[in-house]
Amino acid sequence: MISMISCMQDRLINIFICLLIGITTVNSQELVVTDSVQIELDGFSVDALEQVWVWEDDVITKLGPGLDTLFQQSIKINGTISQIDASYPLRVLIFYQDQLLLQIMDNTLSEQGDPVDFSRMDLFQVQQVTQAANSEFWVYEQENFEFLRYDRNQKETIRSGNMVQLTGNVPHISSMIDFSGDLIVADSTYGVYELNRFGALTNSIPIGGALFASRYKEVLYVLTRDELVLFPPVKQPLRVSLGNIELESFFLHNGKLYTYHNGILRSYKLRFKKE
């Protein structure tokens, strides 16, 4: 009897998630490949139009939603690219961690002013950056274990405070992304943190090995090495095994999973099906 009730609860949760993301009936789920392309890369980012921005050394390639090449450009400005954030497609952030520089560009990769020099802002251990609304950006600064938000004039607008003091955990940040003004952070040791637009910690979810986290239609998606976990606005999460999917580089956007392994970039969608 208990097993039957648990099964019914799982089915109700699956149906609830499907209603949130526009699907009606479901008994199980799987990740299926939608597109793939052979390409060499060091990393990639996905924008709101599902265009994929790939970089290798100092060469940036922009791919369309079907992973077809739109254009390619060499950016020989500040050295080796560490990270690109193209989550706002009209504004691209290019982070050079070794030089502590952040170059802001438009969607044609034209420079938008001089690069942000974090050393001049007394930020010497910037680990990651991500875009924010209103042409602002977030920074994770390892020296004080805190998240900082800056406006377009490089003026600090938000400070989270020391995350060790707030959570009791030393952060190991694997990804961070802005969602409607809030910051979603994946911590590979603890799990997921969510901070509101004022920098206050509003949610924390312990899940070991969290690599990436994002939201889509009220559902929190969390990627680990072994599974994609969906946290809808109910208590019990929905877990989808990655099976034989290998992760070298990865990204989550609009409920889609993007992975890179052995020279192939793939996009996956979550397919709900009847058994």
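Is Y190 buried or exposed, or partly exposed? Y190 is partly exposed, with a relative accessible area of 21%. Here buried means under 20% relative accessible area, exposed means over 50%, and partly exposed lies in between, using a 1.4 Å probe and protein chains only.

## The model and how to read it

This is a predicted model, in which local features need pLDDT of at least 70, side-chain atom pairs count only at pLDDT 80 or more, and totals for chains, interfaces and linings use all residues. Residues are numbered from 1 along each chain as its sequence is written, and side-chain values use heavy atoms, leaving out hydrogens and water.

The score called pLDDT is the predictor's confidence in each residue, from 0 to 100. Its mean over the chain is 89, and 88% of the residues reach 70 or more. Residues 1-27 are another matter: pLDDT stays under 50 there, and the model has 39 contacts beyond four places in sequence for that stretch. A contact means heavy atoms within 4.5 Å. Where pLDDT is low, the predicted coordinates should not be read in detail.

## The chain as a whole

The chain holds two helices and 24 strands. Both kinds of element are DSSP runs numbered from the N terminus: helices are H or I with at least four residues, and strands are E with at least two. Of the 275 residues, 50% count as buried. The accessible surface comes to about 13,100 Å², with 47% of it belonging to carbon and sulfur atoms; such areas come from the Shrake-Rupley method with a 1.4 Å probe, and for residues only the protein chains shown count as cover. Among contacts between residues at least 6 apart in sequence, 43% join residues at least 24 apart.

## The sheet from β2 to β5

Let us start with an open sheet of four strands in the order β2-β3-β4-β5, where the pairing is antiparallel. Two strands pair if DSSP finds at least two bridges between them. At the edges stand β2 (43-46) and β5 (69-74), each of which pairs on one side only. From one strand to the next, the twist averages 15 degrees; axes are lines fitted to C-alpha atoms, for helices over the stretch in contact, and angles run from 0 to 180 degrees between N-to-C directions.

Inside this sheet, strand β3 (residues 52-56) and β4 are joined in the antiparallel sense by five bridges, and V52 stands opposite L63 in β4. I60 also lies in β4 (residues 59-63). I60 is buried, with a relative accessible area of 1%. Apart from neighbours within four places in sequence, the contacts of I60 include W53, F71, I94 and L109. The C-alpha atoms of I60 and S74 are separated by 6.1 Å, although these residues are 14 residues apart along the chain.

## Aromatic pairs

Rings of Phe, Tyr and Trp (its six-membered ring) pair if their centres lie within 6.5 Å; planes under 30 degrees apart count as stacked, over 60 as edge-to-face and the rest as tilted. By this rule there are seven aromatic pairs. Two of them are set out here.

| Pair | Centre to centre | Angle between planes | Kind |
|---|---|---|---|
| W53 and F71 | 6.2 Å | 85 degrees | edge-to-face |
| Y190 and Y193 | 5.0 Å | 5 degrees | stacked |

W53 lies in strand β3 and F71 in strand β5, so their pair ties together parts that are 18 residues apart in sequence. W53 is buried at 0% relative accessible area, whereas F71 is partly exposed at 25%. As for the other pair, Y193 is buried at 2% relative accessibility. There is also one aromatic cluster, formed by F95, F118, F137 and Y150.

## The sheet from β10 to β13

Another open sheet of four strands has the order β10-β11-β12-β13, again with antiparallel pairing. Here β10 (126-132) and β13 (156-159) stand at the edges with a single partner strand each, so one side of each is left without a neighbour in the sheet. The twist averages 25 degrees from one strand to the next. Six bridges link β10 and β11, and T130 stands opposite W138 in β11.

E136 is found in β11 (residues 136-141) and is buried, with a relative accessible area of 13%. Leaving aside neighbours within four places in sequence, E136 has contacts that include R91, R149 and Y150.

## An enclosed strand

Why is strand β20 largely enclosed by the rest of the structure? Five of the five residues of β20 (residues 227-231) are buried, so the strand is largely enclosed. E227, V229 and F231 point one way, while L228 and L230 point the other way. Strand β19 (residues 219-223) pairs with β20 in the antiparallel sense over four bridges, and a hairpin joins the two through three residues. β20 and strand β21 (residues 238-241) also run antiparallel, joined by four bridges, with V229 opposite R239.
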